Amino acid sequence: MLVSKPPMGWNTWNTFGEKINEDLIKETADVLVEKGLDKFGYKYVVIDDCWALRERDKDGKITADPVKFPHGIKALAAYLHEKGLKLGMYSCAGNMTCAGYPASFNHEFTDAETFAEWGVDFLKYDFCYLPKTVSGKYLFRRMGLALLNSGRDILFSGCSWGADNTKDWIKTTSASMWRCTGDIFDNWESLKSIITLRADFDAVNSVGSYADMDMLIVGMNGKGNVGLNKGCTEEEYRTHINVWTFMGSPLMVGADLRTLDDKSLKLLTNKELIAIDQDSMSCQPFDLYSSSDFMQKARILDNGDIAVLLCNLSDTDRGTWFDLSSLSLEQSGDLDVTVTDVWTNETRGFVNQCFSTFVKAHESKVYRIKLKKK
Ligand code: GAL
């Protein structure tokens, strides 16, 4: 299935883990639409691990837990479709899912058919408990083929955390998005580690094969399944959304939407940032300057603008600058170059070919640069 923009939506795992059910999914879908998140592109509502019964039925079919989902998945899919949303489900390439529920190894084509019958639009496919005899890349290809032969457009979302050199074979599997890093937790250390590791995937992220930095923790504030202590500060959550969108990662909200505060809603719905995330070309970012704890990157956008990310991963505030030559625009005397901050909307130019600013510890800035011939 060709997907031409990084997928956006919501996923149960970060906040709810095993505590999922039909009411939660319906209430989330209701709130998602009430708060207008769908209008920003958040369309997929994904039920992660722990939705199935522990045993397959007598025909070998995977079955939803009737206590958690008394009306079944098909009815839930219909409920979401009615609202203009899409339903995502979860399975795993191994003998069991990561939480010990039935997985799809040796049942790939049966499960893909079941998902298609239910009206599922998205499958997150995990990498736990792989059989010793078959390598993960074959199993991902097999599920890719099963989905493509299922008779329904089902987005394939691979979740192998970058393991076994995922980036070298993921494009052979037909996955439209793929986890490039390990699981996120709701604290600064986790964010910093994912941001640092993500640099290795700049060259392989591309249209139709999006490197997924994992579900968002914005708005969790330390609560829920991957919540730790107090979570992150507002500025750290801003850095989180700045980097995910600058990199063009899929955006799957992980917080409880029913209790989401206004600050978090604002972080998730910055139009300028979402436009950068969803840019149709997904050009590879390039370094303006980079050290292990201070990133400065730029990315050419489809309308000829340039996005710039300045991200201070260190624990000290820093003054910083970048110049026109790092953007390949040195001595372009026939150009007016303006820089607009996507959060404050403030616009400035370059002074003596330089743009300087100040970035506090753990903070980041994203700019959209416009070029105009004089
Ligand atoms: C992990 C995966 C998480 C979540 C979890 C469920 O492998 O990275 O995002 O899906 O399994 O057990």
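Predicted model: local features only at pLDDT ≥ 70, side-chain atom pairs only at ≥ 80, totals over all residues.
How are H4 and H5 oriented to each other, roughly parallel or oblique?

Residues are numbered from 1 along each chain as its sequence is written, and side-chain values use heavy atoms, with hydrogens and water left out.

Helices are DSSP runs of H or I with at least four residues, numbered from the N terminus. Two packed helices are described by the angle between their axes and the distance between the axes. Axes here are lines fitted to C-alpha atoms over the stretch in contact, and angles run from 0 to 180 degrees between N-to-C directions.

Start with H4, residues 108–118, and H5, residues 136–148. Their axes come within 8 Å and cross at roughly 40°. H4 and H5 are therefore oblique to each other. On the cut-offs: under 35 degrees is roughly parallel, over 145 roughly antiparallel, 65 to 115 roughly perpendicular, and the rest oblique. The crossing of H4 and H5 is right-handed. Right-handed means the near helix is turned clockwise from the far one by less than a right angle; left-handed is anticlockwise.

Who touches whom? Contact means heavy atoms within 4.5 Å. From H4, Glu108, Phe109, Asp111 and Ala112 meet a set in H5 that includes Leu139, Arg142 and Met143. By class, that contact has seven nonpolar, no polar and three charged residues. Nonpolar covers Ala, Val, Leu, Ile, Met, Phe, Trp, Tyr, Cys and Pro; charged covers Asp, Glu, Lys and Arg; the others, Gly among them, are polar.

Next pair. H2 (residues 22–34) and H3 (residues 72–82) have axes that come within 10 Å and cross at roughly 10°. H2 and H3 are therefore roughly parallel. Ile25 and Ala29 are among the H2 residues here, and Leu76 and Tyr79 among those of H3. The contact divides into five nonpolar, one polar and three charged residues.

Third pair. The axes of H7 (residues 188–198) and H8 (residues 234–247) come within 11 Å and cross at roughly 20°. That makes H7 roughly parallel to H8. H7 passes H8 in a left-handed crossing.

Last, the ligand. Of the 13 residues around it, Asp48, Asp49, Lys124, Asp126 and Asp183 come nearest; the cut-off is a heavy atom within 4 Å. A polar side-chain atom of Asp183 lies 2.5 Å from a ligand oxygen atom. For Asp49, a polar side-chain atom lies 2.8 Å from an oxygen atom of the ligand.

Notes. Helix = DSSP H or I, 4+ residues; strand = E, 2+ residues; numbered from the N terminus. Polar contact = N/O pair within 3.5 Å; in protein donor to acceptor, adjacent residues only side chain to side chain.
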